[in-house]
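The sequence and the structure are shown first.

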Amino acid sequence: TLKNFIISLFVMFPSRVSIAIITASLFWSVVYSADCQSQKTETACAALDGCQWFNSQCKCATDVKIDYIFAVDVSGSIGPSGFNQEKQFLTDFVQQGLAGDARVGWIFFSTKVDTTHVTLRNWTTSELVSFVSAIKYPGGRTDTGGALKAVLHEYDLHGSDERQKVLILITDGQPCPASAWSCPVDVCGYSYDLKTENIRTVIL
């Protein structure tokens, strides 16, 4: 699957390669807008590189403004080495992978879900780099479900139908909240809600 392909590249190659893969999976940039606008069905739109079906219209992907929420696993199972890899990836991504009009929100999850910076807003590149540099590693359990609830809540409050909603979930794939009797806990039920709300999800 595309998810497994992205994961394998993220593990095998430098973070800049992963950024290019994620960016390409979200939108392709070289196409004339008129070519996209002439497509009347989602299937026809998807067949053209650089076009994206959005709000029942075929648009040039670069014309679609994007909101990103980064949900970052900072639980104990990530480990110090994995945490440093997360930060390096995020540093590279915010420097190279974001359009200037993108809005960004942040969620950090371990035993607790930190939504202090979840509100979508515009950031400068220097603000983002400084922010990522200051991310702390608390360790603890892995409340993936709580993080996904927070993503859905933020997009419900501040998302816009005129902007593409994107979730970048960085995790080791082992949901294990403090309330769980056994782990991992199944969080696949959230996929329906994410799809219903038109939130495009990339999992690393």
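## Aromatic pairs

The model is predicted. Phe70 has a relative accessibility of 0% and therefore counts as buried. Phe93 likewise counts as buried, because its relative accessibility is 0%. These two residues form an aromatic pair of the edge-to-face kind, with 5.6 Å centre to centre and 80° between the planes. Phe70 belongs to strand β3 (residues 66-73) and Phe93 to helix α5, so the pair ties together parts that are 23 residues apart in sequence.

A further pair is made by Phe108 and Phe131, whose ring centres are 6.0 Å apart and whose planes stand at 35°, so this pair is tilted. It links distant parts of the chain, with Phe108 in strand β4 (residues 103-109) and Phe131 in helix α6 (residues 125-133), 23 residues apart. Phe108 is buried, at a relative accessible area of 10%, and Phe131 is buried at 14%.

In total, the structure contains 10 aromatic pairs. Ring pairs connect Tyr68, Phe70, Phe89, Phe93, Trp106, Phe108, Trp123 and Phe131 into a cluster. One member of this cluster, Trp123, also has a charged neighbour: Arg121 lies over the face of Trp123, at 3.7 Å from the ring centre.

## Helix α5

Helix α5 spans residues 79-96 and comprises 18 residues. From its first C-alpha to its last it reaches 26 Å, close to the 26 Å expected at 1.5 Å a residue.

The buried residues of α5 are Gly79, Gly82, Phe83, Glu86, Lys87, Phe89, Leu90, Thr91, Asp92, Phe93 and Val94. Among them, Phe89 and Phe93 are also members of the aromatic cluster.

In soluble globular proteins, nonpolar side chains tend to be buried together. In this model the largest nonpolar core has 26 residues, and those with the most contacts inside it are Tyr68, Phe70, Leu90, Trp106 and Ile168. At least two residues of this core are supplied by each of β3, α5, β4, α6 and β6 (164-170). Helix α5 provides the largest share, five residues.

A disulfide is a covalent bond between the sulfur atoms of two cysteines. The structure has one disulfide, which joins Cys45 to Cys58 with an S to S distance of 2.2 Å. The torsion about its S-S bond is about 85°, so the disulfide is right-handed. The bond links distant parts of the chain: Cys45 lies in helix α4 (residues 42-46) and Cys58 in strand β2, 13 residues apart. Both Cys45 and Cys58 are buried. Cys188, by contrast, counts as exposed because its relative accessibility is 56%.

Strands β1 (residues 51-54) and β2 run antiparallel and are joined by four bridges. Within this pairing, Cys51 stands opposite Cys60 in β2. In a regular strand the side chains alternate between the two faces of the sheet. Strand β2 (residues 57-60) has a covered face, formed by Cys58 and Cys60, and an uncovered face, formed by Gln57 and Lys59.

Conventions:
Residues are numbered from 1 along each chain as its sequence is written. This is a predicted model: local features need pLDDT of at least 70, side-chain atom pairs count only at pLDDT 80 or more; totals for chains, interfaces and linings use all residues. Side-chain values use heavy atoms; hydrogens and water are left out. The expected span of a helix is 1.5 Å times one less than its number of residues. Buried means under 20% relative accessible area, exposed over 50%, partly exposed in between (1.4 Å probe, protein chains only). Rings of Phe, Tyr and Trp (its six-membered ring) pair if their centres lie within 6.5 Å; planes under 30 degrees apart count as stacked, over 60 as edge-to-face and the rest as tilted. A charge sits over a ring if NZ of Lys or CZ of Arg is within 6 Å of the ring centre and within 35 degrees of the ring normal. Two strands pair if DSSP finds at least two bridges between them. A disulfide is a pair of cysteine sulfur atoms within 2.5 Å. A nonpolar core is a set of buried Ala, Val, Leu, Ile, Met, Phe, Trp, Tyr and Cys residues joined through side-chain atoms within 4.5 Å.
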